[in-house]
Amino acid sequence: MSLAEQWRSARPAVAGLHLDSAACSRQSFAAMDAAAQHARHEAEVGAYVAAEAATPVLDAGRAAIGVLTGLSGSDVVFTTGANNALDLLLSAWRGPRTLACLPGEYGPNLAIMAANGFDVRPLPADGDGRLDVEAAARLLAENPPALVHLTALGSHRGTAQPLAALTQICRDLDVALVVDAAQALGHLDCAVAPSAIYGSSRKWLAGPRGVGFLAIAPALAEQLRPRLPPPDWNLPLTLMQRLEQGEANVAARVGFSVAVGEYLAAGPVRVRERLAEVGRMTREAVAGTRGWRVVEATDEPTAVTTLAPTAGADPQKVRAWLIAERGIVTTHAEVLRAPFEMTTPVLRASPHVDATPEDLGQFAEALATATEKA
C-alpha cells in the first residue's frame with residue numbers, strides 16, 4: 001500500500017476536498033480514539049489519576065518530538081500551541097532583549113516579541129523572502145543579537161528556509177537560535193538541535209488542536225527564569241516543570257503523542273519526499289490559472305502553494321465560494337500574517353500526502369470557476 005493510501009485509510013472520508021493542512025490537518029482514527037479514551041478514563045477514575053496513568057504515552061510523545069528536533073525528550077514540554085510556547089520562552093529570558101528575524105516573520109510572533117519588550121532587527125533576505133545565508137553570517141558576526149529567531153517555513157508562503165545553515169552559523173557564533181517549526185515539523189527536516197524549537201500539533205503532524213510543544217536545549221535552559229510561579233518562592237520544581245505547570249488538556253496531549261508516533265512510523269524522509277511531490281503537482285495543476293500567480297518555484301520542496309491575485313480577485317471571497325459550492329477547503333492568508341513583507345492577501349493550498357492528481361485537477365477547475373463567480 002502506498003503512503004497516500006495508508007494516510008487516507010487511517011482517516012475518516014473527507015467531505016469534499018481538504019487542501020488546508022498548513023492550517024489544520026485531518027486527524028487519524030488512532031489519534032482521535034486515544035484522546036477520546038483518555039477523556040473516558042478521566043470520567044472513570046478522575047482526571048488527575050488518568051493523567052498520571054498517561055505518563056508513558058506522554059513521555060513517548062516527548063521522545064518522538066526530541067527525535068524530530070535533534071534534542072532529547074527531557075528537553076520537551078507540552079504547551080497549548082506555538083504562540084503559547086514562544087511567549088513562555090521569551091518571557092523567561094533573562095538576557096538582553098535583542099532579537100534578529102526575517103522581514104517576513106509571522107505577525108503573531110512579532111506581537112509576542114513586542115509584548116515581551118524585544119528590540120527586533122531584520123535579517124537579510126532575497127527577493128523570495130529566503131534568508132541570505134552569507135549576508136546573515138556577516139551581520140550576526142558584526143553585531144550579534146541576544147537571540148536569533150527563524151520561522152523555518154512561513155504561514156504566508158511555502159518557501160523553505162535554510163535552517164541547517166543558520167543553525168551552524170549561530171552555533172559557531174555562540175548565539176542562541178530559536179526556531180518556529182509550526183509549519184515545518186513533519187514537513188521539513190528540523191532535526192538540527194537548535195537552542196530552542198517550538199510548534200503545534202494540528203498542522204503537518206495531524207494531531208488535535210489546542211496543543212503544541214517547546215523544546216529547549218540545556219545550555220539555553222540555564223539562562224531562563226520563568227515568571228510563574230514566582231522564583232523567590234523557591235518551590236521544588238525543575239525549569240521544565242515550571243514551564244509546563246498549569247491546567248492542561250491531557251487528552252489532546254495524548255492524541256498529539258499518538259499522531260507523532262504515527263508520523264515516525266510512516267517514515268519522516270518518505271513523508272517529506274511525498275509532500276515535496278504533492279507541492280510540485282499542485283503548482284503544476286494551477287499554473288496558468290487566469291487571475292493568479294503561483295508564488296513558489298515549481299520545485300520548492302514544500303507542499304504549500306501560494307496564489308497571489310493578479311487581476312483583482314478577492315482571496316477571501318474565492319475561499320468562501322470554494323467551500324460553499326465545491327466543499328474545497330483552502331486558506332485566505334491576510335496581510336497581518338507577515339505585516340512587514342506582504343502587500344496583498346493571498347490564497348493558500350496545502351494538501352497532505354494523500355492528495356491525488358485528480359484532486360488537484362478538480363481544485364484547478366474550481367479555482368478558475370470561483371475566480372469568475374466569487
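Student: How many residue pairs are in polar contact across the interface of domain 1 and domain 2?

Tutor: The rule finds 18, with both residues at pLDDT 80 or more. A polar contact is a pair of N or O atoms within 3.5 Å; within protein, one must be able to donate a hydrogen and the other to accept it, and residues adjacent in sequence count only if both atoms are side-chain atoms. The model is predicted: local features need pLDDT of at least 70, side-chain atom pairs need 80 or more, and totals for chains, interfaces and linings use all residues. Numbering runs from 1 along each chain as its sequence is written, and side-chain values use heavy atoms, without hydrogens and water.

Student: What makes the pair Glu300 and Arg130 a salt bridge?

Tutor: The rule asks for a side-chain nitrogen of Lys or Arg within 4 Å of a carboxyl oxygen of Asp or Glu. Here the N to O distance is 3.0 Å. That is within 4 Å, so the pair counts.

Student: Is Lys203 buried or exposed, and why?

Tutor: Buried means under 20% relative accessible area, exposed over 50%, partly exposed in between (1.4 Å probe, protein chains only). Lys203 has 9%, so it counts as buried.

Student: Which class does Asp128 fall in, and why?

Tutor: Partly exposed, because its relative accessibility is 42%.

Student: How do you know that Lys203 touches Ser21?

Tutor: Contact means heavy atoms within 4.5 Å. Lys203 passes with Ser21 and others, including Ala182 and Gln183. A polar atom of the Lys203 side chain also lies 2.9 Å from the backbone oxygen of Ala22.

Conventions. Lists of a residue's contacts leave out its neighbours within four places in sequence.
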